[in-house]
Amino acid sequence: MHAERFTSESDKPNVPELDCLGFMEDVPASLRKLISSPTEEIKCVESIVFSSFNPPPSHRRLVGDLIYLDVVTLEGNKYCITGTTKAFYVNSSGGNILDPRPSKSGFETATLIGLLQKLSSKFKKAFREVTEKKASAHPFENVHSLLPPHSWLRPYPVPDHKRDAARAEEALTISYGSELIGMQRDWNEELQSCREFPHATPQERILRDRALYKVSSDFVDAALNGAIGVISRCIPPINPTDPECLHMYVHNNIFFSFAVDADIEQLSKKRPSSNVSVTEKMPSSEKVPCKEGTCDGEHSAELNCCNEAPLLENEQATYASANNDLKGTKLYQEADVPGLYNLAMAIIDYRGHRVVAQSVLPGILQGDKSDALLYGSVDNGKKICWNEDFHAKVLEAAKLLHIKEHDVIDASENVFKLAAPVECKGIVGSDNRHYLLDLMRVTPRDANYTGPESRFCVLRPELITSFCQAESQSKRKTKTDEGTDIVPDPCDVSVDTSKTGGELSHGEENGASTSEKTVAEQQDTTADSAARSSESSKLCDEITFNPNVFTDFKLGGTQEEIAADEENVKKVSSYLVDVVLPKFIADLCALEVSPMDGQTLTEALHSHGVNVRYIGRIANGVKHLPHLWNLCLNEITVRSAKHILKDILRDIEDHDIGAAVSHFLNCLFGNVTGGKASTNNVNAKNQKKHSVPVCSEAKTLVEMGKVQLAEGMLSESYTFFSEAFSILQQVTGPMHREVANCCRYLAMVLYHAGDMAGAIMQQHKELIINERCLGLDHPDTAHSYGNMALFYHGLNQTELALQNMGRALLLLGLSSGPDHPDVAATFINVAMMYQDMGKMDTALRYLQDALKKNERLLGPEHIQTAVCYHALAIACNSMGLFKLSQQHEKKTYDILVKQLGEDDSRTKDSQNWMKTFEMREVQKTAQKQKGQAVDAANTKKAIDLLKVSYLQL
């Protein structure tokens, strides 16, 4: 909607006044304009609701009556409409008694819209406007996102709450996600059936991925509504006698349970008596009996009782374990081992509570004994169950997840070979499928955090993948003979394509022999590369980790084996601290990674395999950069304050929530004043995490396209991105973040290829998707507007470019505030646009402000500061100020020499610019001196003429 308004080429609004640099001075007015609808809502009828005559009486149903509607048109006329199996018509009812006879007007049509068009001319006109508006809009504008975002932006002042009978009816029929008509959906059966779809061919994989995505998205939506009902106490628990924080719920074939922190005082207050022990929370909520003969002869009844571990050791119900369980579930779903299944899972945070939602394990609610524990433990390793068939499936997944097969000893000194965490639970449901649950520690524990309070501080899977790739590269290098070239793995190339592109393109310029290879040589090279890649992949798969080291579980094997397993985990933890963190900090300082807010900072950390608990070390490494230091401190503060707010929301009454939140925010951000707190704009929202699958095939194509783009292979990269876009559209539909990424890369390829119109078309798609899927206040949406502005500028449509740039500046300011390097970079782009328009004074003001920001935020010797000096030099050159251009370029050159060295191509380019400006200054001086000499000669001639005239007089 907003993208359509600001990127329409048919009507060009006035150029926004961006001359003033204080673009954040009137934020409320800008926000009102930002989130307001471009056009007023088109109203077709005054109201249309179900009539109170519904349902039709039995004698009317026999003649075909289905429904009665009460309609008030825009003209103010009231009608009671009968819907039958054949047509819609206006009946003669006028009071409290149904009169089913057709009215005197005699209108009868096959559709309700056709009848309303005959009854109301205003409806006909408004409905035509609605259809024309939808037809003229971009096709993506009419598609809704399956997983919509929750934006911080809301209209202010709060709009008037108007009467709406249809809205009231909808609210009264709320079912918290369950189906009102027909049978409830069996989420687990739907999900597992979709996983069993054939997936041998590309088309079969697309159909399978589409079905999985649709079912998972529907499950998340139903789980969200159900969790709201659970927290609002509208759904009764299945164990009402237990403490409230341990209540469990089943609604709409979804199991709900609370993930609570193990606070001994809080739990003791809510326990009904002192002798009630806290049950170990299983995310699947099933207390599973052990199948006979699988627990070394122990009684299965003991496994069905509550865990009697002390409260301080009971961390199964913490927020961290729920997060880790979700991550583990995702990993096993991505491994996609045939015959091994996981439950659908979602985590919902709402009003201070965290609710874990899972599909119901088949047979568990019916007490079926067939769903017995076959693998793992329910009592923290005291009794371990094992099954050969189950172990074979788990071992197959373990090979893909870098999990080592290892020995574990239970309390009875029995040794079991496991390929998963001890506390996992392998169960066969009543549908004869093998389910693996409670995957809190699929990755090993972080050796840098081994205290008793850090039981669930595990390493991220991205770190494990990165470490294995680095180790395999190192091992392969040691095996390679001296002097032999090493071909990088495709998986390694995709890790950092920013530098690869420059190196490869430089190689293409200097080495023309590459394109002159014979076919045989190319085939040999391809075969050799494939062999090396296969060898590296094999070395990578051989690196495995024991997830049960640094835990209280008793490990089997020799002391040397246990020490070696611990050393492997320590090695990964050291790799995180000694390699990954310094590299991440260096990328932050070099602006290779440029987070705008807490969300993008968290995403950047996770993508590099860094847990958020290391944010303190990140902050210490970027102290010299004010914008990053403030961002890290803000994130630390907000995450700390979040726990206080959750405690408040959990204990507060419903009617005090608005005042409590307002008071908390005043304490955190402002001043606490006496009197009643204003709660006009407090709106409780939920935060959800889920296991909705991603399309791995499309993801691989995108990575391959990025590599080709970095090498400058535009045609090949366009093919990869287009294929990924096509697959994602079939799997997820257009409204998905990954589709937006494909559109952005396609726009970039077309831009470099010179197709500006095509680039704008793809960028427009990305803009619409980001607004719908991420929200207006997300940094990616701001960057989408900035890219759109650059593409319009490439078409010489500077007015539209400046409009989009103004929107980008406002959204960047909302995300990060005015003090951020991305804002300075946007200022430079704005300056270039004004420079092309001939408004040099405005361009210089933007460039000078960008220079001040970069010097303050990044330092006077940063490369981005050099970029500002170079832009100033070019601007001064356009104004004929060659001496000033030379001074600015000299500063650029000095910074580049210090940061890159004299041999770098950018440094040499700067040196050439200096010579150019110096030459132009010399030419200008010479022309000026020549002009002065000519002026002096002309003046002397004029004086002589005057003297002659005077003498003649």
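Two strands are taken to pair if DSSP finds at least two bridges between them; helices (H or I, at least four residues) and strands (E, at least two) are DSSP runs, numbered from the N terminus. The structure is a predicted model, in which local features need pLDDT of at least 70 and side-chain atom pairs count only at pLDDT 80 or more, whereas totals for chains, interfaces and linings use all residues. Residues are numbered from 1 along each chain as its sequence is written, and side-chain values use heavy atoms, with hydrogens and water left out.

Strand S15 (residues 434-437) pairs with two strands described here. Strand S14 (residues 425-428) runs antiparallel to S15 and is joined to it by 4 bridges, with Ile427 opposite Tyr435. S14 and S15 form a hairpin with 5 residues between them, and Asn432 in the turn has a positive phi of about 65°. Strand S8 (residues 340-341) pairs with S15 in the parallel sense over 2 bridges; here Tyr341 has Tyr435 as its bridge partner.

An open sheet of 3 strands has the order S13-S12-S16 with antiparallel pairing. Its edge strands, S13 (415-418) and S16 (554-555), each pair on one side only. Strand S12 (residues 406-409) and S13 are paired over 4 bridges, and Ile409 has Val415 in S13 as its bridge partner.

Over the whole structure, 5 cavities of 30 Å³ or more are found. A cavity is a set of points, on a 1 Å grid over the protein atoms alone, where a 1.4 Å probe fits but cannot get out, and lining residues have an atom within 4 Å of a point. The second largest cavity holds about 50 Å³ of space. Its lining includes Asn324, Lys327, Leu439, Met440 and Pro461, and helix H10 (residues 319-335) gives the most to this lining, with 4 residues.

Leu665, Leu668 and Phe669 make a nonpolar surface patch of about 290 Å²; such patches consist of residues with over 30% relative accessible area and no salt bridge, nonpolar side chains being joined within 5 Å. A salt bridge is a side-chain nitrogen of Lys or Arg within 4 Å of a carboxyl oxygen of Asp or Glu. Leu668, in helix H20 (residues 657-669), counts as partly exposed because its relative accessibility is 34%.

Note on methods: Patches are made of residues with over 30% relative accessible area and no salt bridge: like charges are joined within 9 Å, nonpolar side chains (Val, Leu, Ile, Met, Phe, Trp, Tyr) within 5 Å. Accessible areas come from the Shrake-Rupley method with a 1.4 Å probe; for residues, only the protein chains shown count as cover. Buried means under 20% relative accessible area, exposed over 50%, partly exposed in between (1.4 Å probe, protein chains only). On a 1 Å grid over the protein atoms alone, a cavity is a set of points where a 1.4 Å probe fits but cannot get out, and a pocket is an open set with protein on both sides within 12 Å along at least five of seven lines; lining residues have an atom within 4 Å of a point. Grid points are joined across faces, edges and corners, and a volume is the space filled by probe spheres set on the points.
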